[in-house]
Amino acid sequence: MDQNQTQTDECILTCVYYGPNGEKLIKRGGKIAKKLGCPFYILTINEADVDDLDHDKSHYLEYWKTLADEYNATEFIIKSNNKRPITKVIAQVAKDKQATQVVIGQTARNRWQELTKGSLINSLLKELPFVDLHIIAMTRGLENYKDEHFETGVRAYLIKTDDDNYRLSFNHTHACSYSGVFYKEIGTDFNNGVFSFINGNKKCDVHVTDDYVQESLPPQQKSGTSKS
């Protein structure tokens, strides 16, 4: 990076893929951008049109857009790689936006695993020789555990019962209180698993046993307007 560059010349690009680590990466990039007082871009790359994404991926996109608002992102960017290497797409966006710092995550997900290997990191650095690359270590949490022990998420809803509990439903009606994604435990004949939903600008996970939520839900909050 040019030593004569001032803080106002900085620009942050955070790259996220579908999974639980996106929140941490967006927050990290947003905090850096706020400290420097500079533009902040969020990039996600997929192989399908947005309209073709499954409920699980669409759920993450919805949540990340609320985070983009919360951290005053300049733009939330969705790109298709069109069979190009991910590093090529990141490099092109970084150049287009004149990014000076790129934030990526070291995760176990197949799409991003290659980015944690030295040869491909070096490839990205060769594409962007004057860009600072931040590789953020990811911790294993509920949703990483979910990937190993739960089925693919499906769209689901929670309906409040007469005794003030919440019951899982897969049909949308006027009685639905929450909309989200349900991850069913592998090997169970009943609806046991995790219901994941967005409440305001917060992502929440609650456990479900035999169709019913087993813990208290937070007060409902309205989501802010998200950027596209």
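Which side chains meet in a salt bridge at 3.8 Å, N to O, with Glu 127 as one partner? Select Glu 127 and Lys 95 to see the pair.

**Before you go on**

This is a predicted model: local features need pLDDT of at least 70, side-chain atom pairs count only at pLDDT 80 or more, and totals for chains, interfaces and linings use all residues. Residues are numbered from 1 along each chain as its sequence is written, and side-chain values use heavy atoms, with hydrogens and water left out.

**Stop 1: Glu 127 and its lysines**

A salt bridge here is a side-chain nitrogen of Lys or Arg within 4 Å of a carboxyl oxygen of Asp or Glu. The count by this rule is five salt bridges.

Keep Glu 127 and Lys 95 selected. Glu 127 lies in helix 5 and Lys 95 in helix 3, so this pair ties together parts that are 32 residues apart in sequence. Helices (H or I, at least four residues) and strands (E, at least two) are DSSP runs, numbered from the N terminus.

Helix 5 covers residues 118-127 and holds Glu 127, while helix 3 covers residues 86-96 and holds Lys 88, so the pair ties together parts 39 residues apart in sequence.

How accessible are the two lysines? Buried means under 20% relative accessible area, exposed over 50%, and partly exposed in between (1.4 Å probe, protein chains only). Lys 88 is partly exposed at 42%. Lys 95 is partly exposed at 46%.

**Stop 2: Lys 160 and Asp 164**

Select Lys 160 and Asp 164. They form a salt bridge, with the closest N and O atoms 3.8 Å apart. Lys 160 is partly exposed at 43% relative accessibility. Asp 164 counts as exposed at 53%.

Look back at the first stop for a moment. Salt bridges that share partners join Lys 88, Lys 95 and Glu 127 into one network.

**Stop 3: strand 6 and its neighbours**

Select residues 154-160, which are strand 6. Five of its seven residues are buried.

Two strands pair if DSSP finds at least two bridges between them. Find Leu 158, whose bridge partner in strand 7 is Leu 168. The hairpin of these strands has five residues between them, and there Asp 164 takes a positive phi near 65 degrees.

Find Arg 155: its bridge partner in strand 8 is Val 181.

**Stop 4: aromatic rings**

Rings of Phe, Tyr and Trp (its six-membered ring) pair if their centres lie within 6.5 Å; planes under 30 degrees apart count as stacked, over 60 as edge-to-face and the rest as tilted. The whole structure has five aromatic pairs.

Select Tyr 166 and Tyr 178. Their ring centres are 5.6 Å apart and their planes stand at 70 degrees, so the pair is edge-to-face. Tyr 166 lies in strand 7 and Tyr 178 in strand 8. Both tyrosines are buried.

Move to Phe 170 and Phe 182. With centres 6.1 Å apart and planes at 65 degrees, this pair is edge-to-face. Phe 170 sits in the loop between strand 7 and strand 8, and Phe 182 in strand 8, 12 residues apart. Phe 170 is partly exposed at 40%, whereas Phe 182 is buried at 2%.

Finish by selecting Tyr 166, Tyr 178, Phe 195 and Phe 197, which form one aromatic cluster.
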